[in-house]
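Welcome, and take a moment to look over the model below. We will begin with its rings and then step back to the whole chain.

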Amino acid sequence: MIYIKAMGSKIRLDDENSELAQSFYDCIEDLADTEMVQRLAEYRHHMDISRLQHCLNVAYYSYLLAEKLGFDSRAAARGGLLHDLFFYDYKTSGFRRHHKYIHPRQALENARTLCELTGKEEEIILNHMWPSCTETPRHIETYIVSSVDKYCATFEAVNFMLRKVSGRAGKTINR
């Protein structure tokens, strides 16, 4: 059972009464429950949330934006879910300074072992750090995921700081 926890709400992806949640889940269901994707829950990402929760946030909001604008919402959701599919702590790794260049390639390699990707999904994963990446994206969905990734990271950090100031910041990873 997967939950999206974002903006202070919980959206149940297994809610049969939510057409939007079901449509989003249909895009990612073959990936979401895999052992590899679920392992992301073991890694702290931004402040006190797991990498899995961050990827779900990015996937969901990328899906919504692409859907609203009439673009490939399936590619946005899948690329968003897999964009940070790497398994090291970037803060303690020996290449922290180069993390923004290394982790998209590792995420892409891992995603390729998990499923067959479209060219668009590969570009989303590889270039989600735009404009820090080496190539200018060709697909609007890459810009969407890249922008949503930055938005979610900012929201996650600000939300943590506000909870910390109010004494409600968790010491464990939200899963």
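Which residues do ring pairs link into a cluster? They are F24, Y60, Y61 and Y63. Rings of Phe, Tyr and Trp (its six-membered ring) pair if their centres lie within 6.5 Å; planes under 30 degrees apart count as stacked, over 60 as edge-to-face and the rest as tilted. The whole structure holds five aromatic pairs. One of them joins Y60 and Y61 edge-to-face, with 5.3 Å between the centres and 75 degrees between the planes. Both Y60 and Y61 are buried, where buried means under 20% relative accessible area, exposed over 50%, and partly exposed in between (1.4 Å probe, protein chains only).

Before going further, please note that this is a predicted model, in which local features need pLDDT of at least 70, side-chain atom pairs count only at pLDDT 80 or more, and totals for chains, interfaces and linings use all residues. Residues are numbered from 1 along each chain as its sequence is written, and side-chain values use heavy atoms, with hydrogens and water left out.

A charge sits over a ring if NZ of Lys or CZ of Arg is within 6 Å of the ring centre and within 35 degrees of the ring normal.

| Arginine | Ring | Distance to ring centre |
|---|---|---|
| R39 | F87 | 3.9 Å |
| R51 | F86 | 3.8 Å |

Now for S62, which lies in helix α3 (residues 51-69). Helices (H or I, at least four residues) and strands (E, at least two) are DSSP runs, numbered from the N terminus. S62 counts as buried because its relative accessibility is 0%. Leaving aside residues up to four places away in sequence, S62 touches A76, I144, V145 and V148; contact means heavy atoms within 4.5 Å.

Stepping back, the protein has seven helices and two strands, running β-β-α-α-α-α-α-α-α from the N terminus. Of its 175 residues, 47% count as buried. Among contacts with a separation of 6 or more, 59% come from residues 24 or more positions apart.

How confident is the predictor? Its confidence in each residue is the pLDDT, from 0 to 100. The protein averages 82, and 79% of the residues score at least 70. Where pLDDT is low, the predicted coordinates should not be read in detail.

Methods
pLDDT is the predictor's confidence in each residue, from 0 to 100.
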